[in-house]
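Welcome, and thanks for taking a look with me.

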Amino acid sequence: MTRLVNAREIIQKAYEGKYAIPHININNLEWAKAVLITAQEKNSPVILGATGGAIKWMGGLQTVSGMVNGLMEDLNITVPVVLHIDHGSYELCKQALNKGFTSVMYDGSHEPFATNLEKSKELAQLTAAKNISLEVEVGTIGGEEDGIVGDGEVAKPKEIAQLAALNPAMIAAGIGNIHGPYPESWTSLAFEAIEDISKAAGRGLVLHGGSGIPVEQVQKAILMGVSKINVNTELQQSNAAAIKEFVISGKIDQGKNFDPRKLLAGGFEAMKATVASKMDEFGSTNKA
C-alpha cells in the first residue's frame, strides 16, 4: 500500500498559506533518501520529481516508484510526499498512471497551444479518474531540461485561463525563469507578468528553474501565487562538489574509502543541507 499522496491538497494549502512546496528532482537512491529524510526532519511536505531521462537512468517507472515506496516504509516517512513525473511527454504521463506515480506533469509547452490544450484536457480526465494530480505548462522555460531546449518566454494569461478551466492541480508558466545555472546577463523574474498570470490561473503556479534565483525574488514570487518550486541543479552541484573534494583531497585513497558508501557520504549530507535550506527559504518547514 502506497504512503504517497497526490499534490492537489498540499499545493492548495501552500497557495492559500503563501509558501511553496519544494519539488526536488531525484536521480538515484541517495537522492531520494536524502530528500525524504530531510523532509521528515524539517516536517515539510515535498514533491519528488523524476524526468524521463532520470527514470530511464534509474531503471524504469516501476523501479522508481518501488524504490520510493520502499524507502518511505523503511524510513517511516510520515510527511506528505508526492511522486511526480517532471517534464513528461504525453506518452510518459499515460504510462506513469499505472506505475505508482501520484502526480504527472505534461509538458506541452513546445507544442502548438491547441495541441497542448487538447492533450492536457485528455490527461486531466485520465488523472482525475485515478486520483492523480496534474501539472500543465504554457510558455516555454528557458535553458535545457532533458533535451527540451527553450529560450524562455512569458506565458499569456489568456492561455493560462484556458488551461485553468481543465482544473489541473498546478500550472507551470514561463515567467522569465530558466533551467540550469543562471547566466550573469539574467536579471529578474517578470514580476509585472506574474500578477496577471496568477490571477488567470487561480491556483498554485509552478516555478521551474528554481536553482540560482535570488532568495528575495523567490519569496516575492511565492507571495504572488507561486506554490511549487523545482530544484535540481543546486543538488547536483552540492553533491558533485562534496565528491570532488573527497577525491582531490586524496581521502579516496585512504583505507577503504573506495567503498561507495564512504565515497558518496559527503554528497549525501551536502544534498540534505541544500534541501533543508530550500525548505526554509520556501516556507514549507513545519507545514506537513
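Which residues point one way from S5 and which the other way, and are they buried or exposed?

1. Please keep in mind that this is a predicted model. To take up the question: Leu134, Val136 and Val138 point to one side of S5, while Ser133, Glu135 and Glu137 point to the other, and all are buried.

2. Next, the neighbours of S5. Strand S4 runs parallel to S5, joined to it by 4 bridges, and Tyr106 stands opposite Val136. Strand S8 (residues 170-173) is also parallel to S5, again with 4 bridges; here Val138 stands opposite Ala173.

3. Now return to Tyr106. A search of the whole structure finds 1 aromatic pair: Tyr90 with Tyr106, edge-to-face, with 6.4 Å centre to centre and 75° between the planes. Tyr90 belongs to helix H5 (residues 90-96) and Tyr106 to strand S4 (residues 103-106), so the pair ties together parts 16 residues apart in sequence. Both Tyr90 and Tyr106 are buried.

4. Finally, two lysines to look up. The charged end of Lys220 sits over the ring of Phe191, 4.3 Å from its centre. Lys33 lies over the face of Phe268, at 5.4 Å from the ring centre.

Definitions and conventions:
Residues numbered from 1 in each chain as written. Predicted model: local features only at pLDDT ≥ 70, side-chain atom pairs only at ≥ 80, totals over all residues. Heavy atoms only, no water. Phe/Tyr/Trp six-rings, centres within 6.5 Å; stacked < 30°, edge-to-face > 60°. Helix = DSSP H or I, 4+ residues; strand = E, 2+ residues; numbered from the N terminus. Buried < 20%, exposed > 50% of the residue type's maximum accessible area, 1.4 Å probe, protein only. Lys NZ or Arg CZ within 6 Å of the ring centre and 35° of its normal. Pairing = 2+ DSSP bridges.
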